[in-house]
Amino acid sequence: MNSSDLSDFDEENDEILRKERERRMAGFKPKAGPAIYGQLETLHSERDLLLEYNSKESTTTKSKEQIVILHFFMAQFQRCREMSEALAGLAMRYPQIRFCQVDACQAPFLTSKWAIKQLPCVVKIEGTEGVDKIVGFEGVSDEMARLDVDKLEARLIKGDDGSGDGGQSESAF
């Protein structure tokens, strides 16, 4: 074996090692895809949302006008399923707003940060700040304690919390 053969061998090994490194590094990259608008997106963990909000590109483009409606739920709870259905309908009507949901058990950091102790819980985020929180059907139910989609829409989309001051009452945050 001459030095030219060794050189070819080294280059071939270097290429194999480079490809293997790229393959392994791909496993460490965030799995979250682009945000989905016009439907209720189910996040598999809070990490999906946090990665988006903490990315360099994201923080420079987040504006006060960007709204995210985040539903904390557990699939086995009937009221959570009702809230998911209502939010899915609103997502289709307001495609400029991002509607997403995450299983509360998969989001321990956010449930602790926002003191979420009862489900369903819906948090309205403007820019990067939580500005409103609906616990259960509080403020968005009818006289029979059923979810009222019109009240939900008024509170989340139009900013009317039913207090008569145009949504200017003190926020849960």
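1. Buried here means under 20% relative accessible area, exposed means over 50%, and partly exposed covers what lies in between, with a 1.4 Å probe and protein chains only. By that cut-off Val123, at 0% relative accessibility, counts as buried. Val123 sits in strand β4; helices (H or I, at least four residues) and strands (E, at least two) are DSSP runs numbered from the N terminus.

2. On the basis of the note: this is a predicted model, in which local features need pLDDT of at least 70 and side-chain atom pairs count only at pLDDT 80 or more, while totals for chains, interfaces and linings use all residues. Residues are numbered from 1 along each chain as its sequence is written, and side-chain values use heavy atoms, with hydrogens and water left out.

3. Overall content. The chain has 6 helices and 5 strands, and along the sequence they follow the pattern α-β-α-α-β-α-β-α-β-β-α. Of the 173 residues in the chain, 36% are buried. The accessible surface of the chain is about 10800 Å², and carbon and sulfur atoms account for 52% of it; accessible areas come from the Shrake-Rupley method with a 1.4 Å probe, and for residues only the protein chains shown count as cover. Among contacts (heavy atoms within 4.5 Å) with a separation of 6 or more, 64% are between residues 24 or more positions apart.

4. The sheet. An open sheet is formed by 5 strands in the order β1-β3-β2-β4-β5, with mixed pairing. Its edge strands are β1 and β5 (129-135), each of which pairs on one side only. Two strands count as paired if DSSP finds at least two bridges between them. On average, neighbouring strands of this sheet are turned by 25° against each other, direction ignored. Axes are lines fitted to C-alpha atoms, for helices over the stretch in contact, and angles run from 0 to 180 degrees between N-to-C directions.

5. Strand β2. This strand is mostly covered, with 7 of its 7 residues buried. Ile67, Ile69, His71 and Phe73 point one way from β2, and Val68, Leu70 and Phe72 point the other way. In a regular strand the side chains alternate between the two faces of the sheet. β2 pairs with β3 in the parallel sense over 6 bridges; Phe72 has Val102 of β3 as its bridge partner, and Phe73 stands opposite Asp103 in β3. With β4, β2 pairs in the antiparallel sense, also over 6 bridges, and there His71 has Val122 as its bridge partner.

6. Strands β4 and β5. These two pair in the antiparallel sense over 6 bridges and form a hairpin with 2 residues between them. Gly127 in the turn has a positive phi of about 70°. Val123 stands opposite Lys133 in β5. Val123 and His71 are 52 residues apart along the chain, but their C-alpha atoms are separated by 6.4 Å.

7. Helix α4. Residues 78-93 make up this helix of 16 residues, which reaches 23 Å from its first C-alpha to its last, close to the 22 Å expected at 1.5 Å a residue; the expected span is 1.5 Å times one less than the number of residues. Cys80, Met83, Ser84, Ala86, Leu87, Leu90 and Ala91 are buried in α4. The buried residues of α4 pack against β1 (40-43), β2 (67-73), β3 (98-103), β4 (121-126) and α6 (149-156). α4 lies across β1, β2, β3 and β4 and runs at about 160° to β2.

8. α6 lies across β2, β4 and β5, running at about 160° to β5. Glu153 belongs to α6 and counts as buried at 5% relative accessibility. Leaving aside neighbours within four places in sequence, Glu153 is in contact with Leu90, Arg93, Tyr94 and Lys158. Gly136 is in the loop between β5 and α6 and is buried, with a relative accessible area of 4%. Not counting residues up to four places away in sequence, Gly136 touches Met83, Gln118 and Pro120. The C-alpha atoms of Gly136 and Arg79, 57 residues apart along the chain, are separated by 7.7 Å.

9. Cysteines. The structure holds 0 disulfides, a disulfide being a pair of cysteine sulfur atoms within 2.5 Å. Cys100 is buried at a relative accessible area of 0%, whereas Cys105 is exposed at 52%.
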